[in-house]
Amino acid sequence: MKVPFLDLSLQHRALRAEALAALTATYDATRFCLGPDVESFEQAFAAKLGYPRVLALNSGTAPLHLACMLAGFGPGDEVIAPPFTFISSVWGVSYTGATPVFADVEAGTFNLDPAKLAAAVTPRTKGIIVVHLFGQPARMAEIMAVARRHNLFVIEDCAQAVGASYEGTPVGAIGEVGTFSFYPTKNLGGCGEGGAFVARTEALHTRARHMRVHGSDRRYYHDIIGGNFRMDGFQGALLNVKLPHLAAWTARRQEIAGRYLAGIKLADTRLPEQPAFARSVFHQFTIRHPRREALRAHLAQQEIGTDLIYPVPLHLQKCYAHLGGSAGDFPVAEAAAQTCVSLPIFPELTDAQVAHVIAGINSF
Ligand SMILES: *Cc1c(COP(=O)(O)O)cnc(C)c1O
């Protein structure tokens, strides 16, 4: 039985007629940049996911960039982030000329360790980028306590965590701002690039709304420095078709994760921890095993796809060599990068496929 790591065609085939009708309507009405499709998506997203206000943007990297501009990060400033994440989590820090400073993660959840975060704060620290990695919310109460103590601007990278909550509060609504991605492989994926931005206050929201369109409220009058961060109409139209399905897709991911958590019994395997404060949306289901290459080969023989997310922590990436990071700096992140294996987890997987993955792992 074949179990691909991810197959986007199933979801898109099921929604084909509806999606093409929506895209055609947008095409015929020439609603190409922002516009009514994007506005209706913003309203529906805010209402369904529990945010007071939302801005739709043109990627998941864009809101992170915008957030760092909005926070006023600049040369000489330090912004603390976990090293075990997708690189885009910290691009905005570099774009604004500030310096990413890493703090190690917890072994059980792969998320920022509040004690390591507190130890990384210096007089130059201006902000924190919290990543809710793999759909699992980070330890926000402890992280916010550090932020409040040092007056730090908190950006929640929710690219993998749409629909996740921390003690009942949706992720992204706890820090100053939250950012989302609608890259096709994310839990809510567009047909192309897309992202969103949520702000805790009306003032931050308004400023970000102007920055999204070249720092202007009125055409050709630019009060602040902005950029082009607009979502295009086609993505709004498509996401309007997909959003009503998100809750069911998330429930299915959680069901599959429940089966993996209960069924996987392989010795020396570390399963992702599920702390009581959080409700994960399982963007990934990532286990750890000391012989992960052999395990992957064993699974590949049974036609089970896996992926390595992420093989190299950020402090060891070439682009950040100038920061002087070296092996041993963040042992928990490094161990995660060396032992992690991500398993297939997407809503269209059948129960038989899930059982095949579990049996495949347990027979290693
Ligand atoms: C996908 C992702 C992003 C960036 O999103 P894009 O839409 O690809 O620009 C940022 N952070 C994390 C953790 C991601 O997984």
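User: Before we start, which residue types count as nonpolar, charged or polar here?

Analyst: Ala, Val, Leu, Ile, Met, Phe, Trp, Tyr, Cys and Pro count as nonpolar, Asp, Glu, Lys and Arg as charged, and the others, Gly among them, as polar. Also keep in mind that this is a predicted model.

User: OK. How do the residues lining the largest pocket divide by class?

Analyst: The lining has 13 nonpolar, 13 polar and 5 charged residues.

User: What volume does the largest pocket have?

Analyst: About 520 Å³.

User: And which residues lie nearest its centre?

Analyst: Q160, Y183, T185, K186 and H283 do, out of 31 residues that line the largest pocket. Two elements, α4 (61-71) and α5 (88-95), each give two or more residues to that lining.

User: Which domains does that lining draw on?

Analyst: The lining of the largest pocket takes at least three residues from domain 1 (11-244) and at least three from domain 2 (245-362).

User: Switching to the ligand. How many residues surround it, and which are the closest?

Analyst: There are 16 residues around the ligand, and G60, T61, D157, S181 and K186 are the closest.

User: Which elements give two or more residues to its lining?

Analyst: α3 (36-49) and α10 (246-263) do. With 3 residues, α10 gives the most to the lining of the second largest pocket.

User: Why is the second largest pocket placed between the domains?

Analyst: Because domain 1 (11-244) and domain 2 (245-362) both give residues to its lining.

User: Now the backbone. Which peptide bond is cis?

Analyst: The bond from I309 to Y310 is cis, with omega near 15°. Y310 sits in the loop between α11 (292-301) and α12 (331-339).

User: And what is the phi of T30?

Analyst: Phi of T30 is near 50°, which is a positive value in a residue other than glycine.

User: Where does T30 lie?

Analyst: T30 is in the loop that runs between α2 (16-28) and α3.

Note on methods. Residues are numbered from 1 along each chain as its sequence is written. This is a predicted model: local features need pLDDT of at least 70, side-chain atom pairs count only at pLDDT 80 or more; totals for chains, interfaces and linings use all residues. Side-chain values use heavy atoms; hydrogens and water are left out. On a 1 Å grid over the protein atoms alone, a cavity is a set of points where a 1.4 Å probe fits but cannot get out, and a pocket is an open set with protein on both sides within 12 Å along at least five of seven lines; lining residues have an atom within 4 Å of a point. Grid points are joined across faces, edges and corners, and a volume is the space filled by probe spheres set on the points. Helices (H or I, at least four residues) and strands (E, at least two) are DSSP runs, numbered from the N terminus. Domain bounds come from an automatic or database domain assignment. A residue is near a molecule or strand if one of its heavy atoms lies within 4 Å of it.
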